[in-house]
Amino acid sequence: MKAKNIFKKYAIFLVLIALMLVFTCISPKFLTVSNLFTIARQTAMVGIAAAGFIFVMIIGGIDLSAGSMVSLVNILVAWLMVNKGMNPVIACILGVLACVL
């Protein structure tokens, strides 16, 4: 019974380790510093959005519109930077202003 409780408590970490082992076996370059920095950069936006959602959940204001607003800002800011060549700081400010409206 004790092993079952430990597995329940640490299941997500065990899955993470298993996935890392699988991807390392498939591609030896997976655990390189360069690749780990790339993964961190690509997941930064999700982490920032998750931190924002935590505050929304704490105050009890969670609803479906929060996820759609995050998607709107991501698409708008990416489009402004890629297609219009806009400065990332200005694009982020415009994205926040678009959500406020």
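In this predicted model, the axes of helix α3 (residues 65-83) and helix α4 (residues 88-100) come within 9 Å and cross at roughly 145°. Axes here are lines fitted to C-alpha atoms, for helices over the stretch in contact, and angles run from 0 to 180 degrees between N-to-C directions. Helices are DSSP runs (H or I, at least four residues) and strands likewise (E, at least two), numbered from the N terminus.

**Packing of α3 and α4**
- Contact means heavy atoms within 4.5 Å; by this criterion, residues of α3 including Met69, Leu72 and Val73 meet residues of α4, among them Pro88, Ala91 and Cys92.
- By class, this contact of α3 with α4 has 13 nonpolar residues, one polar and no charged, where Ala, Val, Leu, Ile, Met, Phe, Trp, Tyr, Cys and Pro count as nonpolar, Asp, Glu, Lys and Arg as charged, and the others, Gly among them, as polar.

**Overall layout**
- The chain contains four helices and zero strands, and its elements run α-α-α-α from the N terminus on.
- Along its principal axes, the C-alpha trace spans about 55 × 40 × 15 Å.

**Helix α1**
- Helix α1 covers residues 2-26, and a kink of about 70° is centred on Tyr10; the bend at a residue is the angle between axes fitted to the seven residues ending there and the seven starting there.

**Basis of the values**
- Residues are numbered from 1 along each chain as its sequence is written, and side-chain values use heavy atoms, with hydrogens and water left out.
- Local features need pLDDT of at least 70, side-chain atom pairs count only at pLDDT 80 or more, and totals for chains, interfaces and linings use all residues.

Methods. Expected span 1.5 Å × (residues − 1).
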